[in-house]
Amino acid sequence: MNAESVNRWLTLSANLGVVIGLVLLLIELDQNSDLVRAQIHQARSDEHVGYRMDLADSAFLLPARLKVEAAGGFGNPAAMDDLTVEEAYRIKEMLAARHQDYDNLFYQYQEGYLDEEFYEYRVASSIRFFAPWWKKLDIFETYGRRPSFDAEIQRLVSEDL
């Protein structure tokens, strides 16, 4: 074997090594992407559980929620009429926080970070449920909303009609 032949084989081997390295890098990136998605989903779950625990431990919000439940629950926006001014304010702030949370989740869905099943069964159903309250409490107008989220709320609510 002459030097030119050895050089060609070494070049071919080096190029093959680069291609194999790139394939392995792509596999690793895909695995990292899956891991990040799992971490994001876990963070969402942790936030939801934390919210529920905070609600259960709240000496201020829980009595207002129980009063809403006794007056027909969140399925009936007129239940708000049975609350004191302070209780109504607490419920409004809680619903405004939910509004911002669902706006964020819709944004994540738009960007492809939420799968269809999670969005339809956990997010869209909650948006439909809370939309009458957001309207009644002027959360639409007072707290602002991205136009695309507003359009999504209108779409979801119109499906129920």
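**Close-up views of a predicted model**

**View 1. Arg-146 and Asp-103 form a salt bridge.** Let's start with Arg-146, which counts as partly exposed at 27% relative accessibility. This is a predicted model, and in it the side chains of Arg-146 and Asp-103 meet with 2.7 Å from N to O. Asp-103, in contrast, is buried, with a relative accessible area of 8%. Asp-103 belongs to helix 3 and Arg-146 to the loop between helix 5 and helix 6, so their pairing ties together parts that are 43 residues apart in sequence. As a general point, side chains of opposite charge can pair when their charged atoms come close.

**View 2. Five charged residues, Glu-120, Arg-128, Glu-152, Arg-155 and Glu-159, are linked in a network of salt bridges.** In one of its pairs, Arg-155 and Glu-159 meet at 2.5 Å, N to O. These two sit four residues apart in helix 6, which means about one helical turn separates them. Both count as partly exposed: Glu-159 at 43% relative accessibility and Arg-155 at 34%. Arg-128 and Glu-120 also form a salt bridge, at 4.0 Å from N to O. The count of salt bridges comes to ten.

**View 3. Phe-74 and Trp-133 make one of eleven aromatic pairs.** Their ring centres are 5.0 Å apart and their planes are at 55°, so the pair is tilted. Phe-74 lies in the loop between helix 2 and helix 3, while Trp-133 lies in helix 4, so the pair ties together parts 59 residues apart in sequence. Are these two residues buried or exposed? Phe-74 is buried, at a relative accessible area of 5%, and Trp-133 is buried too, at 0%.

**View 4. Tyr-109 and Tyr-119 form a stacked pair.** With ring centres 3.9 Å apart and planes at 10°, the pair falls under 30 degrees and so counts as stacked.

**View 5. The largest nonpolar core has 34 residues.** Which residues have the most contacts inside this core? They are Ile-91, Leu-95, Ile-127, Trp-133 and Trp-134. Helix 4 gives the largest share, nine residues. Leaving aside neighbours within four places in sequence, Ile-91 is in contact with residues including Leu-61, Val-68, Phe-74 and Trp-133.

Definitions and conventions. Residues are numbered from 1 along each chain as its sequence is written. This is a predicted model: local features need pLDDT of at least 70, side-chain atom pairs count only at pLDDT 80 or more; totals for chains, interfaces and linings use all residues. Side-chain values use heavy atoms; hydrogens and water are left out. Rings of Phe, Tyr and Trp (its six-membered ring) pair if their centres lie within 6.5 Å; planes under 30 degrees apart count as stacked, over 60 as edge-to-face and the rest as tilted. Buried means under 20% relative accessible area, exposed over 50%, partly exposed in between (1.4 Å probe, protein chains only). A nonpolar core is a set of buried Ala, Val, Leu, Ile, Met, Phe, Trp, Tyr and Cys residues joined through side-chain atoms within 4.5 Å. Contact means heavy atoms within 4.5 Å.
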